4 protein chains.
Amino acid sequence: MKKYNIGLIGAGFMAKAHSAAYATMPMFFWPVAAVPVRRTICDLSEEGARDAAARFGFEKHTTDWRDIVNDPEIDIIDIATPNDSHAEIAIAAANAGKHIFCEKPIARTTEEAKAMLDAVKAAGVTNMLAFNYRRTPAVALAKKFISEGSIGKILNFRGTYLQDWSADPNAPLSWRFQKKIAGSGTLGDIGTHVIDIARYLAGEIDEVCGTLDTHIPERPLQQGFADKLGTVKSGTHAKKGPVDVDDEVKFLLNFRSGASGSIEATRNGWGRNNYITFEVHGSEGSIFFNYERRDELQVYFASDPADKRGFRTIYTGPSHPNGDALWPIPALGIGYGETKIIECHDFIQAIATGQDVSPNFEDGYKIELICDAIKASSMDRKWVKTNC
Amino acid sequence: MKKYNIGLIGAGFMAKAHSAAYATMPMFFWPVAAVPVRRTICDLSEEGARDAAARFGFEKHTTDWRDIVNDPEIDIIDIATPNDSHAEIAIAAANAGKHIFCEKPIARTTEEAKAMLDAVKAAGVTNMLAFNYRRTPAVALAKKFISEGSIGKILNFRGTYLQDWSADPNAPLSWRFQKKIAGSGTLGDIGTHVIDIARYLAGEIDEVCGTLDTHIPERPLQQGFADKLGTVKSGTHAKKGPVDVDDEVKFLLNFRSGASGSIEATRNGWGRNNYITFEVHGSEGSIFFNYERRDELQVYFASDPADKRGFRTIYTGPSHPNGDALWPIPALGIGYGETKIIECHDFIQAIATGQDVSPNFEDGYKIELICDAIKASSMDRKWVKTNC
Amino acid sequence: MKKYNIGLIGAGFMAKAHSAAYATMPMFFWPVAAVPVRRTICDLSEEGARDAAARFGFEKHTTDWRDIVNDPEIDIIDIATPNDSHAEIAIAAANAGKHIFCEKPIARTTEEAKAMLDAVKAAGVTNMLAFNYRRTPAVALAKKFISEGSIGKILNFRGTYLQDWSADPNAPLSWRFQKKIAGSGTLGDIGTHVIDIARYLAGEIDEVCGTLDTHIPERPLQQGFADKLGTVKSGTHAKKGPVDVDDEVKFLLNFRSGASGSIEATRNGWGRNNYITFEVHGSEGSIFFNYERRDELQVYFASDPADKRGFRTIYTGPSHPNGDALWPIPALGIGYGETKIIECHDFIQAIATGQDVSPNFEDGYKIELICDAIKASSMDRKWVKTNC
Amino acid sequence: MKKYNIGLIGAGFMAKAHSAAYATMPMFFWPVAAVPVRRTICDLSEEGARDAAARFGFEKHTTDWRDIVNDPEIDIIDIATPNDSHAEIAIAAANAGKHIFCEKPIARTTEEAKAMLDAVKAAGVTNMLAFNYRRTPAVALAKKFISEGSIGKILNFRGTYLQDWSADPNAPLSWRFQKKIAGSGTLGDIGTHVIDIARYLAGEIDEVCGTLDTHIPERPLQQGFADKLGTVKSGTHAKKGPVDVDDEVKFLLNFRSGASGSIEATRNGWGRNNYITFEVHGSEGSIFFNYERRDELQVYFASDPADKRGFRTIYTGPSHPNGDALWPIPALGIGYGETKIIECHDFIQAIATGQDVSPNFEDGYKIELICDAIKASSMDRKWVKTNC
């Protein structure tokens, strides 16, 4: 059984999620072609890095990500840093021949994304983006039903990602509200997750028409650097700084297949926590999913007898995608961790077998093209082609 | 106690709904300023009209709507016919000094709507349109919470009206699929209900950007004329005719207030029956409503303590709008009939007191302007002002 | 078409519900074998009776129910009074050869119920009890699925009726809390509804084991007599009186068929309004119903393919029992009124055709036997046979 | 930071769940007083044990649990075997001075449980039972609300645990259907989870009255030994063997506090997967929980204004018990794994600090007493005291 040494860059929420996946993936997927080894973790301070290594079970730590990229014993670079550093790290990693697992969105701009894509193509390394939600078993089940034709030809895709962790204007000005670090706001941070699901389920997006808004234009300045989503406590800080990214985006879209749809993402949806939903209308049925109730997929088959038609609430389990690897009965509980375990498995498996895995940097680049089209549409107030 | 004689034109599903409201309104709202009397009903055939009178409890019947409009004993004309006859009847009724209750949408075109509005203004008669869903107690409760400021300033309104009664391509080509009778498809038939609710809750709509689609371009020809929503049985008819109206519409919109939003309506949403929903994000809370569970309103107050925050599922009852008149405890059951009883009461009350009532012909005209803007946007593929 | 003259005794909430059903039944069920005519209504005071006649559309009024029972033009006696008067009125009505529609529970005691049953049998008149909830289309659909064998052999029936309109100890001491008038509390008032549904779906009940509790032992005295469910406002009244009936009942039960189950009813279930639910486990499927979402029936078929199994949420409509008579598409809305319209239709139809209708006085008598067994079980703290 | 060496006995589903918790607990709870080290794992075969060590990350493996109990470097014995071996292993472990974490139910009989309790008391070792569901954040939040008095005095507790993984009569005769190994069926396997929650939330249970049933009396014989819940495939095996444990249990109960309630557990509830629910009625509010939607707790506060009352659907997150340790925003997703991580933390923390932890062997023993009372009640068909 192969072992791949991981170098993880970043020590925040995502480092936790990835480390837990590395540690437990083989417990769930077994036997498996290869297993990850937590070798080196990187954080900005020596203290932070040492603490992270102890906490997340890494053998070594460093404060310079180049140490990891240059370490010949490292097989995989895991990029779990804010968006402004993705391109530089990923390109260096590709040049060093490392396989790359990168948090989403791929980068701040399409130019950065293109350079990253070129680098991994040139290097021939396996690359993957952490759009994990498509690996929720219920989402994979939706994909299966669509692929099998169970709901016919797709007519309409309707997606949302609604959150409220920063609906309070007193939530601090973290890096997620700063364009120079994040690139964009809701569009890049959460809208891209829905775009990924839309492409996964309904195919390539041809054109878009939408708007970006910023309802909360300034926020209290933070002391120090931190990204602890949702643990942000509101308060009365003396100074405020400008938010220069969007906190709401909504757009119409046409797929290449002829289907159409709409997507909306917001950080101002009080009461919506991680409200990733989609509804797909097909010519012979419908599908509805809500991540807040992620153990469930709702499916309607028009072919059912007239008096027995209704949305079926299917709890995913051993009969569904990845089910055998997870828990032995449905509704024992799919959490965020499970999506990351499946993601980890598929990535490691792709490296071991040399096969493609998605979403990869090419997907990430195309999603950036789509985001550019949405921004252009918002400026020009008309439909714009994505050039995907 | 005043009595108003009703002349009802039409004998289909809506005649049933209106007649039941006339018969029972005083049982619920009591004491009441005035009561309706079912005087004359009109249907196209003598047999149909006679039968309708017996069934719906009218004293007289006729096959010519002009008999009703010209009858000096008639106080109120109730127009429950397909859309192509609304303008002619309503204008004649206004000229005859009758108060008018008209099914929605107001007419086939903005021109017709304008002429109708001018006629009722000139005549000074009370006029109302049957956008009944805003009278669902839970929708009225949403209005109350918004008006009181309980969810702060409105940021976003998101509405849907999804149906599937004609998602089957073998459902016959009724008048609702023919432009010369219906004027438009989903947009006029069901989209206008959501536009009415959007204006009711969030104010005037300033501009729109959207698309109209027709997924099912032809349908089996019907024998005879009928409009029995949903009772349409699918079958294999020899001949088909063209559908020249939309079966799906979706658009983004900006309100005059600065809020924005999106609306979608379809006849192809398998599994959605009468799925009128809206979600409103305010600066201090959110509201969600789904007509298929119309006894309930979901409300989230950001001011709740952090560990006790969550959408409240409020079952409407005596503590809520119109509650004292309806059933003594919540969840005994609000049906379609109750929305019509409240509507009937408000209309009769408006006549008796001489006060305004809404939605009226002015609202109907503005909704037509908005529909025109949506159609223009769909043609020109850009944002269009509504001129409201 | 036959016409039956109704004499309605009582002028409260149930008079409203019954009158609305009489007025609109033919609008929904048409053509129909016979129609009801609202002839005479009775209330205790002259003013109340006159007002009720005007409000509910009756031709005549009286303050003495014997006037109605003795009126040769009256065909049907509708008993919508508190429980202590059911027996006397019903027996007199039967002796006068009238058909009888009686509110539930049938009476205060089994002795009264037996006398009523004997009287209607001797007179050969059509008789029915107003356990209306089994006429909810979704409940009738459950019956259909069970009868067809769609969920196999019934193993378990689990029912609830939870309310909170009197969970507040300051809600006044209405007749429903007084044994001499009501006979019992939750058991008779709401528990019997679930017993009726249990027998309807799963057959005769053989033995029971349960307990009755009274959590709120005294309540403020009311001024005058009133029964306005739920409109009871809490307050600080100077004097309180004793509650001598149960406000919570729960029991296990065994059916004659071999199935078993449990039933619970309470007036102390804060947040539950009219929470009538049942879950039926069969050898090949399951059914769940919640009246608060009464448009829906949830059904699970074990015969579905493993990856497509899930509870189906079926919205009742034209494809389901009584659907053609009601609204043209599902989810337009089944309210309390619709259950009463169906009930009215079935009763009138039974008189016109001379056929049996259920639930009738025999059912009511057996439900009293079951209630007696529950009370005995609660006293003796062991299982008791129902003698049904 | 202390380290405790774990010896894990068993290599099935529970070994997976426990190992994942050991591996990731410090990633979530950090800093932490002590961390677990996966030292030795035991399975019946050499091959199975070696494979389990590789899969679950243990340093050593053995086929004899006594090796682990006698290993002086082992601090903690984790018993994840079928019920018939709990007592022997636990008593030996206690005598060897090991802390013990034991899967539920504690044992096959009350006598075994008593001997285990005596042993851990005599040895003074920390002991815990794996009734993990009470550690679901939403259940812990229910406990917090009740303890704070937010819903007043508890009147009623109503719990269920409904499953269907063996509703198919062709699911094989695993050890869970054999009394000599399992001790009992639904009562011990899943009913005890609800009893644990009931005692946690509402206090000690004083008396019970209930029944045990076996609807499926025989099942196909299995080849070899396996316990893969839910992965049991149905088939047509030549031979069948008798099921001598219950597959459905339901009982009424009275708490020492004066509250009462009911509990039901079944393996025949088609469509219910891991349907652990409870509803608690208090004098000032209500709580409802459904594990299948375990991110949510529903709470109703009677103190809310009349027009704003409704069950709040609270998604647990950083503002709730254990929230800071888990995921940064609500609804990212609580899975089965998270309940085990919290459980692991509390157990390790208890050892490190020398404080009590619950549920422990004393709780397990009392739950056995309650189960005995239920069995006696089912035999004698009357109420029975629990002697707790």
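Aromatic contacts and the A–D interface in a predicted model

The charged end of R272(A) lies over the ring of Y275(A), at 4.1 Å from the ring centre. A charge is taken to sit over a ring if NZ of Lys or CZ of Arg is within 6 Å of the ring centre and within 35 degrees of the ring normal. In chain B, the charged end of R219(B) is placed over the ring of F177(B), 4.3 Å from its centre. The model is predicted, so local features need pLDDT of at least 70 and side-chain atom pairs count only at pLDDT 80 or more, while totals for chains, interfaces and linings use all residues. Residues are numbered from 1 along each chain as its sequence is written, chains are lettered from A and ligands numbered from 1 in the order in which they are written, and side-chain values use heavy atoms, with hydrogens and water left out.

Aromatic pairs were counted for rings of Phe, Tyr and Trp (its six-membered ring) with centres within 6.5 Å; planes under 30 degrees apart count as stacked, over 60 as edge-to-face and the rest as tilted. The count over all chains is 60 aromatic pairs. In one of them, the ring centres of W327(A) and F13(D) are 6.1 Å apart and the planes stand at 70°, so the pair is edge-to-face. W327(A) belongs to the loop between strand 16 (311-315) and helix 9 (336-353) of chain A, and F13(D) to helix 1 (residues 13-28) of chain D, so the pair joins two chains. Helices (H or I, at least four residues) and strands (E, at least two) are DSSP runs, numbered from the N terminus. W327(A) is buried at 4% relative accessibility, and F13(D) is buried with a relative accessible area of 13%. Buried means under 20% relative accessible area, exposed over 50%, and partly exposed in between (1.4 Å probe, protein chains only).

A further edge-to-face pair is formed by F145(C) and F301(C), with 5.9 Å from centre to centre and 85° between the planes. F145(C) is in helix 6 (residues 137-148) and F301(C) in strand 15 (residues 296-301) of chain C, so the pair ties together parts that are 156 residues apart in sequence. Both F145(C) and F301(C) are buried. One aromatic cluster is made up of F13(A), Y133(A), Y161(A), Y291(A), Y336(A), F28(D) and W327(D).

The contact between chain A and chain D was also examined. Chain A contributes 47 residues and chain D 47 residues, where contact means heavy atoms within 4.5 Å. About 3900 Å² is buried between chain A and chain D, and carbon and sulfur atoms give 61% of this area. Buried area is the accessible area (1.4 Å probe) that two parts lose on being put together, summed over both. On the chain A side, M27(A), W30(A) and R55(A) lose the most area to chain D, together 19% of what that side buries. Four salt bridges are counted between chain A and chain D, each requiring a side-chain nitrogen of Lys or Arg within 4 Å of a carboxyl oxygen of Asp or Glu. D295(A) and R294(D) meet through their side chains in a salt bridge (2.9 Å, N to O).

In chain D, I348(D) is located in helix 9 (residues 336-353) and is buried at 1% relative accessibility. The C-alpha atoms of I348(D) and Y22(D) are separated by 9.7 Å, although the two residues are 326 residues apart along the chain.
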